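The following exercises concern one protein chain.

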Amino acid sequence: MNTTSQEKELERAKSQAKCQLESIQEMVKALDTEDDAKREAATETIREDALEVSVRSDWHEPGAEQEITEYKILLCTGGPAVRIVGDLDRYHEPENATLEYQDWYTPWTEYRLDSEEEAAVVKYAQQFYFGE
């Protein structure tokens, strides 16, 4: 695949990441309500939005108990694909979030988030359970 084709493919994937970010921001906005039923419905909408939720451990000595340290939330796959990745704190809660995108035969690329966007993506990720 030549560079121009890769750039075009990556631009399509970046556009998909932007759409996913806008959707996340809307879902997170719906969490900010005093109505318990509406907040629960918004939480359920977020939990049903993800295609896959995964965790993994860090390097450790053989035989040592493994502590999960990272999470991944797959939002869409194929060409293009979008995911959220981040670190978990000692209570298995998301500490941060990075939005990434890719298309066929391209590497995962970070979608730059401002502080407000990152806060929304972290809040989205916090609606999932990452414990053991």
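**Exercise 1.** Determine what percentage of the residues of the protein chain count as buried.

*Solution.* Of the 132 residues in the protein chain, 34% count as buried. Buried means under 20% relative accessible area, exposed means over 50%, and partly exposed lies in between (1.4 Å probe, protein chains only). The model is a predicted one, in which local features need pLDDT of at least 70 and side-chain atom pairs count only at pLDDT 80 or more, while totals for chains, interfaces and linings use all residues. Residues are numbered from 1 along each chain as its sequence is written, and side-chain values use heavy atoms, with hydrogens and water left out.

**Exercise 2.** State the order in which the helices and strands run from the N terminus.

*Solution.* Begin with the count: the protein chain has 3 helices and 5 strands. These are DSSP runs, numbered from the N terminus: helices are H or I with at least four residues, strands E with at least two. The order is then α-α-β-β-β-β-β-α. The C-alpha trace spans about 50 × 45 × 25 Å along its principal axes.

**Exercise 3.** Locate T106 and identify the backbone atom that its side chain reaches.

*Solution.* First, T106 is placed in the loop between β4 (98–102) and β5 (109–111). Next, its relative accessible area is 7%, so T106 is buried. Finally, the side chain of T106 reaches the backbone nitrogen of D103 at 2.7 Å.

**Exercise 4.** Find the salt-bridge partner of D103 and say where each of the two residues lies.

*Solution.* A salt bridge requires a side-chain nitrogen of Lys or Arg within 4 Å of a carboxyl oxygen of Asp or Glu. D103 meets this condition with R12, the closest N and O atoms being 3.0 Å apart. The pair links distant parts of the chain, with D103 in the loop between β4 and β5 and R12 in helix α1 (residues 3–31), 91 residues apart. D103 counts as buried because its relative accessibility is 2%, whereas R12, at 42%, is partly exposed. A search of the whole structure finds 8 salt bridges.

Conventions
A polar contact is a pair of N or O atoms within 3.5 Å; within protein, one must be able to donate a hydrogen and the other to accept it, and residues adjacent in sequence count only if both atoms are side-chain atoms.
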